[in-house]
Amino acid sequence: MMAELPDEFPLPGLPEQVQIYEVGPRDGLQAEKEIVDTRTKIEFIRGLRQTGLTAIEATSFVSPRWVPQLADAAEVLAGIGSADGIRHPVLVPNQIGMDRALAAGATEIAIFVSATERFAHENLDTTVDGAIELAAPVVRQAAEAGIGVRGYVSMCFGDPWEGRVPIGQVLDVVRRLADLGCRTISLGDTIGVATPGHVQALLEAIGGTGIGMDRLALHFHDTYGQALANVLSGLRCGVTEYDASAGGIGGCPFARSATGNLATEDLVWMLNGLGIEHGIDLDRLVQLSGWMAGKLGRPSPSRVVTALYQEAAADQLF
């Protein structure tokens, strides 16, 4: 499958290795209107493990009333089990979600807040301050249990209701999550409006507060075709963790105009060309995403999957 391409041409000043944080099973599937059966979700996650991914966000313990697609969170977590060297964080929205996650055997969690008031209201029915107050006891409980915590900040680059989001507004939320003890803070371009200069400006501002790039991750959507350019900007600033979704599936059910996530395959192709290590078998990932697209009943939006997918090869996955 064109194994000799892309040709490798590294650029100076970029990291030698990055961590890809796979969000397909959670952020990718949460917006699907048709319920994906539990067995398919489990097979998807097990397939992702076989590609070399080591951080796969498995599900979310959000209220089934708000996200019915993920009502089977406990069953999925039980079904995938554990695997040496592979992390399976789960998203928790509040104390109730945390209790459910711990009961299901979660060993790593992610919490989420917003940089804007309107999205905090639409997504969590609270304020920015209220969302952080909800997260605080969850983070403390996780620390007491020796469980790592990742913090998501939504709407870092623009909001569909409020428009522009001042950098200082994002800085305040990021600092507060860092003070709470979040190990990693993922900056979300929830509606895909970021551009490379904006990414650099935000990262430089965060760096100026003393928060290192090693504590940050970037989460891009490709609504306006800017996701890979934004990743390159992040790499130049020294960020080494990137969220991506196999096959480019997903969006945000609570935000207008939030289309699919950056496709993991498209990210891997670019990293291969830059000579940056990531540990993922692109061929196998392409076939898995093509298989999942078939389960969802539509073509994958990933450019790389479209170019390389072979249905016959996908039949051999399971």
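Which residues of strand E7 lie on one side and which on the other, and are they buried or exposed? Thr184, Ser186 and Gly188 are on one side of E7, Ile185, Leu187 and Asp189 are on the other, and all of them are buried, where buried means under 20% relative accessible area, exposed over 50% and partly exposed in between, with a 1.4 Å probe and protein chains only. This is a predicted model, in which local features need pLDDT of at least 70 and side-chain atom pairs count only at pLDDT 80 or more, while totals for chains, interfaces and linings use all residues. Residues are numbered from 1 along each chain as its sequence is written, and side-chain values use heavy atoms, with hydrogens and water left out.

Helices (H or I, at least four residues) and strands (E, at least two) are DSSP runs, numbered from the N terminus. In a regular strand the side chains alternate between the two faces of the sheet. Because six of the six residues of strand E7 (residues 184-189) are buried, the strand is largely enclosed by the rest of the structure.

The chain passes from E6 through helix H7 (residues 167-180) to E7 in a right-handed β-α-β crossover, right-handed meaning that, with the strands pointing away from the viewer, the path from the first strand over the helix to the second runs clockwise. From E7 the chain continues through helix H8 (residues 196-207) to E8, and this β-α-β crossover is right-handed.

Elsewhere, the axes of helix H4 (residues 95-103) and helix H6 (residues 128-144), which are lines fitted to C-alpha atoms over the stretch in contact, with angles running from 0 to 180 degrees between N-to-C directions, come within 9 Å and cross at roughly 25°. Gln95, Met98, Asp99 and Leu102 of H4 make the contact with Pro137, Val138, Gln141 and Ala142 of H6, contact meaning heavy atoms within 4.5 Å.

Helix H10 (residues 264-274) has nine of its 11 residues buried, so it is largely enclosed by the rest of the structure. Its buried residues, among them Thr264, Leu267 and Leu274, pack against strand E1 (19-22), helix H9 (227-237), strand E9 (241-244), helix H11 (282-296) and helix H12 (303-308). Just after H10, Gly275 takes a positive phi of about 70°.
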